[in-house]
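Subject: Structure for you to look at

Dear colleague,

Here is the structure I promised to pass on to you. Please open it first, and then read my notes beside it.

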Amino acid sequence: MFKRQVDNEVALELVNSQRAHEVFQIIREQNEYLSEWMAWPPHTKKIEDYQRFVCDSLHKHAEGKGLVCFILYKSAPVGCISFNYINYDLKKVEIGYWLSKDFQGKGIMTRACKQLIGIAFAELNMDKVEIPVSVGNMPSRGVCERLGFEKEGIITNSENLNGRIMDHVYYSLSRKTWDQT
């Protein structure tokens with residue numbers, strides 16, 4: 001099973017059914033909070049809904065089309081990070097993520113993203129990493145900016161987020177820029 005130790009506090013672990021109950025508990029308890037910036041939490045009402053997501057994610061990973069990981073902080077799951085897609089033809093990936101509100105402000109997401117960026121460039125031989133972020137999601141935008149992503153532009157009416165039409169800022173990081181850091 002895929003598992004990467006990021007540092008002495010943070011690790012990434014391929015989604016799996018063994019930890020699904022712990023992660024589902026976070027989603028259940030923080031559903032309203034998570035729904036502010038993501039469309040899927042209101043549709044994750046039962047553990048079976050989340051188990052289905054885990055199963056679908058594992059199939060996508062086996063096909064080489066994505067990678068969804070639990071973010072572990074001091075060995076406990078606190079969120080998820082993923083390659084939402086891996087496009088080998090265009091040599092790019094898209095990263096998505098969420099983190100429990102109880103663990104924000106500790107640099108966890110920045111460290112987890114840095115690990116996935118390294119995998120994208122060094123192991124998957126990608127040339128570009130993209131992260132779309134809702135315009136008003138300043139914590140997620142801060143992660144992108146701390147990691148040296150460039151703002152490519154804004155796509156208006158990009159997502160219907162639980163009844164709210166959202167614009168997305170598209171951030172990107174090239175292999176060349178990453179290699180210079």
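**What was found**

Helix α4 is followed by Asn 125, whose phi is positive, near 60°; helices here are DSSP runs of H or I with at least four residues, strands are runs of E with at least two, and both are numbered from the N terminus. This is a predicted model, in which local features need pLDDT of at least 70 and side-chain atom pairs count only at pLDDT 80 or more, while totals for chains, interfaces and linings use all residues. Residues are numbered from 1 along each chain as its sequence is written, and side-chain values use heavy atoms, with hydrogens and water left out.

Beyond its neighbours within four places in sequence, Ile 117 is in contact (heavy atoms within 4.5 Å) with Ile 95, Val 129, Leu 147, Phe 149, Leu 173 and Trp 178.

Lys 74 is placed in the loop between β3 and β4, whereas Asn 157 belongs to strand β7. Lys 74 counts as exposed because its relative accessibility is 53%, and Asn 157 is exposed at 58%, where buried means under 20% relative accessible area, exposed over 50% and partly exposed in between, with a 1.4 Å probe and protein chains only.

Best wishes
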